[in-house]
Amino acid sequence: MAAATAQSRKTAQVRRLLIQAVIVIAIMVIIWSTYTTAQTNLNALGITGGYAFLERATGWSYSFSLLPRSVDDTYLRTLTIGFINTLFLGSLCIVLSTVLGFVIGSIRDTSNLALQTIASAYVQLFRNLPLILQLVFWYAVFIHLPGPRQAHTLGDIAFFSNRGLMLPALNLSGEIALILLLGSILLGVIVLLVRISVARALVIWASGTAIAIAVCLLIFVPQGESIVSVPALKGLRFLGGMQMTIELVAMIVAIVLYSSAYIAEVVRGGLAEVPKGLIEAGQALGLSGRTIWSRIKLPMALRSIVPPLGNQWIFVMKATTIGVAIGFSDLFMIVSTSLTQTGQTLELIAILMGCFLLINFALAQLVDLINRRMQLKAH
Amino acid sequence: MLKTIGKFAVAALAASVPVLAGAADPSPTTQKIIDRGTLLCTGHNGSFFGFVEVNDRNEWKGLDIDMCRGLATAILGDPDKAQIVPLSWAQRFPALQSGDVDLIIKATTWTMGRDTELGLQFSIPYFLGAAQFMAHADLGVTEAAELDGGTICVEAGTTIERIAGDFLSSNNIEHTMVSYEKGAELRAAYLAKRCDAFAGWGPNLAVIRATEVDDSEAHVILSDQLSTDPISAAMRQGDEEFVDLVNYLIAALIKAEELGITSENVDEIAANPPSTTVARLLGADPGIGERLGLRDSWAREVIAEIGNFGQMYDRNLGKDSPYKLDRGLNALWKDGGVLYTPIID
């Protein structure tokens, strides 16, 4: 009897393995035949494939880059800049829309009717209009601002014109600022990995970042120059300071407004899921409303907020691809322009897909990490 | 993105087309057009004024559209059998390669890269355009060197983008370039003064200045000519006979102007040809059709439908159009321009 059961279990196992093997082989055959057919037909059409074009100079320029750029850059450097732009815009929008989303979502959860109405109007307005429409709208508004010579100014140190937002900044080059930013993100992830309390992690992260900035200022600011660079009008444009082009500003505004409306709903849902009993227990202990919110509601809610929040973050990264509608040079726009200039469609699409898979896979891992960190130990 | 991949999948599935047909047989592409009963031409996603535009009755018009209608007349005998497929600048090459259109007639510049790596072949040029800058007059600039430090807007993925980049960097003019996917967005950004200047194709700039701005005095077209772009029809590699057909369509249109044949007098002249050249062109003497696998009367029918090159130009860009563009380089060789044709013997 036992032998027969073992026998049939073995057969079932063999059958399962066979089915899986067949599926794997079928997938490989499909991929292989797609590849060879594409190869044959591209050859027949006389299209030169391969990645040799990456070493060639592009001969064109674009609106925004954190690193120095020129028309003599290779496609590789140009695509890298596009990748960095997407990463930069995406991260900035994720941080801003998460903060704003938490604020709006928490307001929707309060008992103040006026605030609640405003918050829900915000959510309905920005969530229900297509993102691209909002982007085009904001861009149309911003480019009708006065020109650089008649820019709105705040004490002659910050300017807002139809060229962009010019802010005073630390006197560091784009490369160093970028390295600092990446270092700060890395430190944040490491701090998250180490099991210490959130408050302590925040202190370590903030002080570490501040020390790194101070060290860079000491080393890289040339003798005799001020550590703060203030933008000033010179000829047709502003020089100095931090220059956020109007395309970048429009992208941030549109994506943050849209995405924060979604995050607000996620946050509201998370807060609503906290068992009533816990809150009543807090009240019974005589805790203040604020303590109940920060010590009971938010920590409990975060556990159900984080997974959908991660989805939203991945969405924000992908949403940067609408830059093409207003001429913001994100990765998609750079790929799309490279595509017409070189005709290397398949290679460039592969690069685009690879980059987005990389970004969003890493982001998913990060969300998973946060999620595990949030888990209650007893659960 | 998916769409592009899909198109490539279609291209990948399509069997490679056998080449080399007999002299009198229609070429593979021509045969496909005859079997389908329509000619698939490139349109535009919106209007590219003067060349590919949509009028207020939702009909396509323009120099390129007329060229396409001419080709439809030559092959199928009916200009209305030209079917216009709206495509963006970026979509046109993948669309041609995957067979979504039969050829590209869409203000497309003949470049070495496109000719070799993209697997295209080009017809003889039918138009010459130079890239230029248009700037806001209140900046007080008259030449490109004065744009130093300015913001220049261009249309993404076009040759203008590269020509302008090359010109500005080789003349050490520091600049920020902002590129847009669509002409309408580019114009809106320029008019809102997002950019100091706008690099575009001379004819295009003149069209915009003539029709789209409230005060044409407020804009100057800078004197620097950055290039001269030969505008040609682009076709897939491997069908030389189809290229011949398009070349001789262009040649016939220019030749007709040279010989004074118009859409009004073509039938009259064909009935009583003054010379053998005219008789051959209009099919009164046989030969012009057979070599291309077409009817001998194709050129006559084309001229009757869309006129000669001069008429096409005047109607779409020149004195009978809203744009009033000078013929300039695009006049016949004997009128001070550069247009000429191969000998039609």
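A salt bridge is a side-chain nitrogen of Lys or Arg within 4 Å of a carboxyl oxygen of Asp or Glu. The legends describe a predicted model, in which local features need pLDDT of at least 70 and side-chain atom pairs count only at pLDDT 80 or more, while totals for chains, interfaces and linings use all residues. Residues are numbered from 1 along each chain as its sequence is written, chains are lettered from A and ligands numbered from 1 in the order in which they are written, and side-chain values use heavy atoms, without hydrogens and water.

**View 1. A salt bridge joins A:Arg77 and A:Asp73.** The closest N and O atoms of the pair are 3.7 Å apart. A:Asp73 is buried at 11% relative accessible area, whereas A:Arg77 is partly exposed at 32%. Buried means under 20%, exposed over 50% and partly exposed in between (1.4 Å probe, protein chains only).

**View 2. B:Asp102 pairs with B:Arg36 in a salt bridge.** The N to O distance is 2.8 Å. The pair links distant parts of the chain, 66 residues apart, with B:Arg36 in helix α2 (residues 28–36) of chain B. Helices (H or I, at least four residues) and strands (E, at least two) are DSSP runs, numbered from the N terminus. B:Asp102 is buried, with a relative accessible area of 2%, and B:Arg36 is partly exposed at 34%.

**View 3. A salt bridge between B:Glu117 and A:Arg56 spans 3.2 Å, N to O.** This pair crosses between chains. A:Arg56 is partly exposed, with a relative accessible area of 35%.
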